[in-house]
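Reader: I am new to this structure and would like to learn how to read some of its features. Please take me through them one at a time.

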Amino acid sequence: MESSDSDEDSSSDEDHCREVVVRKARLHDVNSIANISTSSFEYLDVEDRDWIEGVVRKRSKRARIYVAVVDDNVVGFILFYKKGDKAYIDAFAVDPRYRGMGIGRCLLSYVEKLLVGEGVEKLYLTVKNGNGTALGMYIKHGYRMASTVLILESPIDNPDNAYEAIQKPIRVAEIHEALKSKVKLLDTAIWTNFTWDVDSIIYKIIRRDQRNLIIYVGKRLAGVVTISPDKGKTVLERLAVSYYKPSESVNAVIEAVKSYIKKNALGKTIRIPVDSTKATLLRALVTAGFKITDSEYVLYKDLAERRERI
């Protein structure tokens, strides 16, 4: 998910930031955060009210929301995930009525300092292709390009499907807990490494329709998937496949997921984010008929460098 539309002005005036109160989100902030999200992101990226409330209620050290407050009004927010010495900003937005005032920069700087104090060495985020304002702001303030995430989509009934023949039977099991595997798996997108296990708990809190699937080819684990229906599309919140025969694994997983979606009437289109560095997975998906519909830039900031300067 994108952390964008944050602020057009990147003022570093510390006196200005003293007028902005940054604190951890509280339950009474949920409506304001949801309204800012709705006015800032496209529908598939909107953090809905129930989700935001679930994150706040969870009070997890792994997933947190901080808000910027001006004159007792919540005017911006950051949702980030922390895992070990790395963190990922999942959503970052400022109320459109307060943009151009340096509020986004104050909020981001606060969170960076917070994470430095907690031992985080690298902070990641994504920016949608075409959002040059946000991209320029992040690069100006020390963020570097890491990779690109491509958004792939395919109709469930796609006549262009060209799967490689899989000789062994494919088996799908649905489980009700977060997917954990002792086998090392290859995730398709960077953010799932930070978000999927925490998100599974939050989904349970808000009772959102989320399915966890584990797919086998014969007796071999091919991959795991977390899917969520969203306005006629089924979004693969997580797709991770076996390092062993990855092309065969991704074909088996997609074939199984499409059959599952059709059987349960979960939508007519499947949507998958894939890091551009995962060449084998990308090739397998494009061969299977998926089309690239959008992209996002993955940026990171080396907070260890900031710690050395403090």
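**Helices, strands and rings**

Author: Helix 7 and helix 8 cross in a right-handed way. A crossing is left-handed if the near helix is turned anticlockwise from the far one by less than a right angle, and right-handed if clockwise. Helices (H or I, at least four residues) and strands (E, at least two) are DSSP runs, numbered from the N terminus. The model is predicted: local features need pLDDT of at least 70, side-chain atom pairs count only at pLDDT 80 or more, and totals for chains, interfaces and linings use all residues. Residues are numbered from 1 along each chain as its sequence is written, and side-chain values use heavy atoms, with hydrogens and water left out.

Reader: At what angle do helix 7 and helix 8 pack, and how far apart are their axes?

Author: Two packed helices are described by the angle between their axes and by the distance between the axes. Axes are lines fitted to C-alpha atoms, for helices over the stretch in contact, and angles run from 0 to 180 degrees between N-to-C directions. For helix 7 (residues 246-263) and helix 8 (residues 279-287) the angle is about 45 degrees, and the axes are 9 Å apart. Helix 7 is therefore oblique to helix 8 (under 35 degrees is roughly parallel, over 145 roughly antiparallel, 65 to 115 roughly perpendicular, the rest oblique).

Reader: Which residues of helix 7 and helix 8 meet?

Author: Pro246, Ser247, Val250, Asn251 and Ile254 of helix 7 meet Thr280, Leu281, Ala284 and Leu285 of helix 8. Contact means heavy atoms within 4.5 Å. Setting aside neighbours within four places in sequence, Pro246 touches Val241, Thr280 and Leu281. Between Pro246 and Ala284 there are 8.8 Å in space, C-alpha to C-alpha, and 38 residues in sequence.

Reader: How do helix 2 and helix 3 pack?

Author: Helix 2 (residues 30-40) and helix 3 (residues 49-58) pack at about 130 degrees, with axes 9 Å apart. These two helices are therefore oblique to each other. Their crossing is right-handed. Val30, Asn31, Ile33 and Ala34 of helix 2 make the contact with Arg49, Ile52, Glu53 and Val56 of helix 3.

Reader: How many bridges join strand 6 to strand 13?

Author: Two strands pair if DSSP finds at least two bridges between them. Strand 6 (residues 144-155) runs antiparallel to strand 13, with nine bridges; Leu150 has Ser295 as its bridge partner in strand 13. Strand 5 (residues 122-128) is also antiparallel to strand 13 (residues 291-302), joined by seven bridges. There, Leu123 is partnered by Lys301.

Reader: How many aromatic pairs does a search of the whole structure find?

Author: A pair of aromatic rings is described by the distance of the centres and the angle of the planes. The search finds eight pairs. Among them, Phe92 and Tyr138 are tilted, at 6.5 Å centre to centre and 50 degrees between the planes. Rings of Phe, Tyr and Trp (its six-membered ring) pair if their centres lie within 6.5 Å; planes under 30 degrees apart are stacked, over 60 edge-to-face, the rest tilted. Phe92 is in strand 4 (residues 86-94) and Tyr138 in helix 5 (residues 132-140), so this pair ties together parts 46 residues apart in sequence.
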